[in-house]
Amino acid sequence: MAETRARPSRHLGRYVLLIVAGVLMFLPIYTALAGSVQPTSRLFDFPGVLIPRSFDFSTYGDAIRIGNLDRYLVNSAVVTVIIVVGQVVTSVLAAYAFAFLRFPFKRLVFLVFLATLMVPAEVTIVANYETIQELGWIDSYQGLTVPFLATAFGTFLLRQSFLQVPQDLRDAAALDGYGHWGFLTGVAVPLARPTIAALTVFSFLLSWNQYLWPLLVTNEETYRTVQIGLKALGASSIDQINVVLAGTVLAGAPIFVLLVLFQRQLVRGLTSGAVKG
Amino acid sequence: MAVPSVASDTPAAAGAPAALGTSGARDERVAARRREWPLALLFLAPSAVVFGVFVFYPLYRTIQLAMYRSGPFGRLGEFVGVSNISDVLGSAEFRHSLGVTLRFTAITVPLGLVLGLALAVLAHERLRGISIFRTLFASTVATSVAVASIMWLLLLNPSVGLVNAFLEWAGQDRIDFLNEPGWALWTVSFTTVWLHLVFTFIVFSAGLQSVPDELLESARMDGAGGWRRFRHVTLPMLSPTLLFVFVVLSINAFQSFGQIDLLTQGGPNDRTRVLVYAIFQEVRRGDPSTAAAQAVALFGILFVLTILQLRVLERRVFYG
């Protein structure tokens with residue numbers, strides 16, 4: 001079983017495996033990119049389609065025009081920003097209360113917050129759909145965002161981070177006459193910036209990629225998000241595959257840029273128990 | 001339950017701010033507590049309202065709905081108690097959905113675990129240019145369930161899809177992956193595995209980094225080959241990560257919806273009609289009671305899985 005180091009043939013095997021795995025993982029995305037800039041007729045030509053001979057980016061304009069993607073992208077952006085800002089604000093406030101304030105039944109309240117992690121959205125859609133209907137929030141930004149304006153996961157992460165603020169710093173702030181609000185905005189939040197960044201990236205990813213809830217509470221095109229728009233685009237024009245592919249690239253691009261910029265925060269979020277939906 | 005111990009480490013609660021720590025500390029502490037609770041209430045209120053209206057109330061309401069028959073126009077019909085739940089859960093439809101979901105889970109979870117671990121192990125080697133491969137493996141992280149499903153929908157299309165173009169090129173028969181009863185569930189499962197592979201890859205990669213090199217080195221000194229080092233050193237060290245990924249993938253599988261809606265709409269012949277898709281259909285059909293009864297069952301299953309997840313997470317702790 002003994003092995004000699006750095007045997008080139010052994011490495012060759014590794015590289016072959018790596019290349020096969022890399023190609024298989026990346027192929028769907030590659031074909032989407034390559035297919036989006038070629039005429040549909042070329043798509044029948046295998047394997048020629050994999051090497052684009054022409055680059056026609058007008059499909060992206062078509063996707064926006066035919067699929068209404070501009071409107072849907074704006075909707076997704078609005079919904080995502082509201083949810084991200086909302087989640088950061090509500091969890092900073094709640095986490096501050098749990099970390100720095102004394103109040104009765106604190107442990108119990110914290111447990112109640114954590115208990116929301118046990119209730120996945122799929123379980124409550126029946127009743128939440130009813131609530132949104134009664135509020136008249138079908139086809140509205142409120143309906144798309146308000147149910148997600150708080151997160152126990154974020155509260156928990158931020159509380160952990162706040163608890164690491166050194167006692168000395170709290171004492172010094174108290175001596176300097178900082179009130180709670182001053183301490184929150186001047187000390188606690190700046191110190192928790194990495195955690196807030198991780199939470200921001202993560203809730204951005206989750207809200208941008210949401211599917212079930214937006215599908216349920218939007219009927220009109222006016223408030224459709226881009227994920228739901230893709231469904232209509234994909235179903236409507238199977239003869240224009242290049243346009244549909246351009247649409248998927250457009251829907252994925254913002255999140256891709258974000259994740260390239262904030263890889264570290266994402267890994268932190270993923271490994272601490274958040275789940276990609 | 002796993003949760004309470006998380007709450008027990010609150011140093012903030014233990015010591016009063018220094019400004020209050022002098023004479024008459026106890027009185028002042030009581031006074032402070034009296035002063036602080038309104039602020040706490042204010043800070044907790046936004047989250048509490050959202051949780052109350054969109055998590056706890058709907059949970060109660062779902063259980064309530066499950067005990068009534070659906071009336072016309074989404075109104076509640078007559079109260080039938082637990083019998084509605086047992087009727088729905090005993091129905092052939094529900095059993096079918098549960099069966100599909102279990103099969104879907106039984107395919108996606110082991111496949112996702114093994115492939116994710118394999119990718120992570122491959123990318124863990126210190127080889128020239130390895131970062132290119134790591135980037136390639138992680139490149140799918142931006143794909144949402146909708147983006148991934150539409151891409152696969154086109155790839156798998158029987159007449160214009162690339163997969164079938166490849167099959168034809170290789171001299172095989174074309175396959176209608178999403179409409180052939182024997183293929184549909186497998187196809188949806190493969191798409192799901194691909195979608196979640198980036199998550200398992202990232203988590204396993206992080207896990208592999210925490211396996212001490214000295215341990216592997218000393219195993220090598222003892223004459224253990226690659227496979228034995230992996231089997232007897234790496235794998236045991238990874239066991240918390242494995243358990244974590246296992247539970248998360250299981251929860252994901254039970255929550256799956258988007259890929260079903262986009263790829264098969266539950267078909268062919270309900271072969272891919274997973275639980276959440278069934279619930280969605282009942283809501284759309286205006287039968288909240290049946291949907292609610294199924295949601296109660298889903299809740300039961302996910303509750304057990306989530307408690308498991310919290311147990312595991314607590315052991316993993318956060319990379320703070």
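Me: What ipTM and pTM does the model score?

Reply: These scores belong to a predicted model. The ipTM is 0.88 and the pTM is 0.84.

Me: In which helix of chain B is confidence highest?

Reply: Chain B averages a pLDDT of 83, and 86% of its residues score at least 70. Confidence is lowest in helix 1 (residues 4–7) of chain B, where the mean is 34. At the other end, with 95, stands helix 12 (residues 258–263) of chain B.

Me: Over which residues of chain B does pLDDT stay under 50?

Reply: For the stretch in question the model has 37 contacts beyond four places in sequence. The stretch under 50 covers residues 1–23 of chain B.

Me: How many helices and strands does chain B have, and what share of its residues count as buried?

Reply: Chain B has 14 helices and 2 strands. Among contacts in chain B with a separation of 6 or more, 67% join residues 24 or more positions apart. Of the 320 residues of chain B, the share that count as buried is 42%.

Me: Is helix 10 of chain A largely enclosed or largely open?

Reply: A residue is buried if 20 or more other C-beta atoms lie within 10 Å of its own. In helix 10 of chain A, the buried residues include T195(A), I196(A), F202(A) and W208(A). Because 12 of the 16 residues are buried, helix 10 of chain A is largely enclosed by the rest of the structure.

Me: Are helix 13 of chain A and helix 7 of chain B roughly parallel or roughly antiparallel?

Reply: Helix 13 (residues 241–261) of chain A and helix 7 (residues 145–155) of chain B pack with their axes 9 Å apart, at an angle of about 160°. Angles over 145 degrees count as roughly antiparallel. The two helices are therefore roughly antiparallel.

Me: Is the crossing of helix 5 and helix 11 of chain B left-handed or right-handed?

Reply: The axes of helix 5 (residues 92–124) and helix 11 (residues 226–255) of chain B come within 9 Å and cross at roughly 145°. Among the residues making the contact are F104(B) and G112(B) of helix 5, with F246(B) and L249(B) of helix 11. Helix 5 of chain B passes helix 11 of chain B in a crossing that is right-handed.

Notes:
Residues numbered from 1 in each chain as written. Chains lettered and ligands numbered in written order. Predicted model: local features only at pLDDT ≥ 70, side-chain atom pairs only at ≥ 80, totals over all residues. pLDDT = per-residue confidence, 0-100. Helix = DSSP H or I, 4+ residues; strand = E, 2+ residues; numbered from the N terminus. Contact = placed C-beta atoms within 7 Å. Axes fitted to C-alpha atoms, helices over the stretch in contact; angles between N-to-C directions. Parallel < 35°, antiparallel > 145°, perpendicular 65-115°, else oblique. Left-handed = near helix turned anticlockwise from the far one by under 90°.
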